[in-house]
Amino acid sequence: SGFRGPTRSPPQKPSEPPGDPPGTPPLAPVLQLLRNQLQEKDALLRHLESDWERSRAQREREERLLVTAWYNMVRGHGDIAVGAQ
């Protein structure tokens with residue numbers, strides 16, 4: 001019987017980390033672009049939320065004015081009806 005040394009597979013190249021496929025732009029500029037877009041959308045959301053809050057406050061003021069006007073109108077008509085008797 002013959003002596004065989006430990007069997008080894010041939011040396012392999014270390015596996016490369018997954019990178020950008022050939023022909024694609026580097027990842028860093030794409031990430032920066034996405035971050036910028038996210039910041040722009042966040043700013044737009046804050047602006048829209050602020051507009052919504054101002055609109056809500058204006059609507060509440062208008063509703064209070066309508067209720068006050070209606071109350072004054074009804075009260076005014078009630079005084080006239082009582083005075084006519």
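Start at Val30, which lies in helix H1. The model is predicted. Keep that in mind as you read on.

What does the fold contain? The protein chain has 1 helix and 0 strands. Helix H1 covers residues 27-84. The chain itself has 85 residues.

How much of the chain is buried? Buried residues make up 0% of it. The accessible surface of the chain comes to about 8,500 Å². Carbon and sulfur atoms account for 61% of that surface.

Now return to Val30. Its relative accessibility is 31%, so Val30 counts as partly exposed. Partly exposed residues fall between two cut-offs: under 20% is buried, and over 50% is exposed. Together with Leu27, Leu31 and Leu34, Val30 forms a nonpolar patch on the surface. The accessible area of these four residues together is about 310 Å².

Next, follow the helix to its charged side chains. How many salt bridges are there? A search of the whole structure finds 3.

Take Asp51 and Arg54. Their side chains meet in a salt bridge, with 2.1 Å from N to O. That is within the 4 Å cut-off, so the pair counts. Where do the two residues sit along the chain? They are 3 residues apart in helix H1, which means about one helical turn separates Asp51 from Arg54. Asp51 has a relative accessible area of 25%, so Asp51 is partly exposed.

Move on to Glu53 and Arg56. Here too the side chains meet in a salt bridge, at 2.1 Å from N to O. Both residues lie in helix H1, 3 residues apart, or about one turn of the helix. Is Glu53 buried, partly exposed or exposed? Glu53 is partly exposed, because its relative accessibility is 34%. Arg56 is partly exposed as well, with a relative accessible area of 23%.

Arg56 has another partner. The side chains of Arg56 and Glu60 meet in a salt bridge, with 2.6 Å from N to O. What about the spacing here? Arg56 and Glu60 are 4 residues apart in helix H1, so about one helical turn lies between them. Glu60 has 33% relative accessibility and therefore counts as partly exposed. Which residues end up linked in one network? Glu53, Arg56 and Glu60 do, through salt bridges that share partners.

The chain has 1 helix. A nonpolar patch on the surface includes Val30. Further along, Asp51 pairs with Arg54, and Arg56 bridges to Glu53 and to Glu60.

Methods:
Residues are numbered from 1 along each chain as its sequence is written. This is a predicted model: local features need pLDDT of at least 70, side-chain atom pairs count only at pLDDT 80 or more; totals for chains, interfaces and linings use all residues. Side-chain values use heavy atoms; hydrogens and water are left out. Helices (H or I, at least four residues) and strands (E, at least two) are DSSP runs, numbered from the N terminus. Buried means under 20% relative accessible area, exposed over 50%, partly exposed in between (1.4 Å probe, protein chains only). Accessible areas come from the Shrake-Rupley method with a 1.4 Å probe; for residues, only the protein chains shown count as cover. Patches are made of residues with over 30% relative accessible area and no salt bridge: like charges are joined within 9 Å, nonpolar side chains (Val, Leu, Ile, Met, Phe, Trp, Tyr) within 5 Å.
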